[in-house]
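Me: Could you walk me through how some of the labels on this model were assigned? I would like to see the values set against the cut-offs.

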Amino acid sequence: SACIAISQETREEAIAFGILPERIHLIPNGLAPDQFLPASAGQRDEARKSLQVESDLLVLSIGRLSEEKNPLGLLQAWALIGSEPRRRAVLAMVGDGPQEHLVRQLAGQLRLNGNVRLPGRSNNVAQWYRAADIYVIASHNEGLSNSMIEALASGLPVISTRVSGSSFLVDELPAGVIVGTASPEELAEAIAELILNGSRRQELATNARDVFEQCFLLD
């Protein structure tokens with residue numbers, strides 16, 4: 001009788017499967033309004049202190065360290081961002097999974113251990129969002145990234161590969177940047193640009209919470 005699609009991309013897939021468009025309803029995943037909130041400067045400083053993050057900026061990725069999430073591609077992109085952005089920022093990849101050993105191995109091979117944090121799985125991801133300045137999704141595949149919604153609710157600009165659901169970031173009110181799924185160079189360029197361009201970073205951060213409230217409130 002009806003089909004729920006959680007993103008415009010999955011809606012288009014459902015139409016391609018042969019489901020009548022009038023039976024398809026676009027209803028994204030949602031969060032309660034107070035589950036994740038933008039951090040004040042003081043809250044951000046407190047979160048960084050508790051997580052022992054000592055850097056001007058924190059670039060964050062939260063998710064399973066598995067092939068479809070492309071953690072190795074994120075590390076390759078981080079290695080390409082240049083010495084000045086890497087001097088100013090730390091990358092934290094929070095999570096565990098089948099590629100964790102490969103991630104740690106590649107970080108060592110690329111000599112990134114000095115400014116890449118691999119804390120493993122966390123039971124308090126809200127603290128990481130409060131500590132962060134930029135959120136990154138490097139996935140090859142997504143239906144609709146729940147961590148993207150959490151990051152937007154936390155007032156973070158999001159850099160995402162062109163996966164299902166990422167179009168929310170650049171719809172009417174831009175809250176992020178979309179890059180190609182197979183281009184570490186393009187991902188690196190986007191990360192470096194937001195690290196170095198504080199006004200652009202702040203603009204997207206301001207829009208992020210608005211996009212969350214327009215698109216993803218549980219109500």
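Reply: Happy to. Let's start with a cut-off: a residue is called exposed when its relative accessible area is over 50%, and buried when that area is under 20%, with partly exposed in between. Keep in mind that this is a predicted model.

Me: Thanks! Why is R87 called exposed?

Reply: R87 has a relative accessible area of 58%. The cut-off for exposed is over 50%, so R87 is exposed.

Me: What makes the contact of R87 and E84 a salt bridge?

Reply: The side chains of R87 and E84 meet at 2.8 Å, N to O. The rule asks for a Lys or Arg side-chain nitrogen within 4 Å of an Asp or Glu carboxyl oxygen, so this pair is a salt bridge. R87 and E84 are 3 residues apart in helix α4 (residues 83-88), which separates them by about one helical turn. E84 has 35% relative accessibility and counts as partly exposed.

Me: And why does that spacing matter for direction in a helix?

Reply: An α-helix has 3.6 residues a turn, so residues three or four places apart point the same way.

Me: How do you know that E100 and R104 form a salt bridge?

Reply: Their N to O distance is 3.1 Å, and the limit is within 4 Å, so the pair qualifies. E100 and R104 are 4 residues apart in helix α5, about one helical turn. E100, at 23% relative accessible area, is partly exposed, and R104, at 40%, is partly exposed too.

Me: What makes R209 buried?

Reply: R209 has a relative accessible area of 12%, and buried means under 20%, so R209 is buried. R209 forms a salt bridge with E213, the closest N and O atoms being 3.0 Å apart. The two are 4 residues apart in helix α9 (residues 198-215), and E213 is partly exposed at 39%.

Key:
Residues numbered from 1 in each chain as written. Predicted model: local features only at pLDDT ≥ 70, side-chain atom pairs only at ≥ 80, totals over all residues. Heavy atoms only, no water. Buried < 20%, exposed > 50% of the residue type's maximum accessible area, 1.4 Å probe, protein only.
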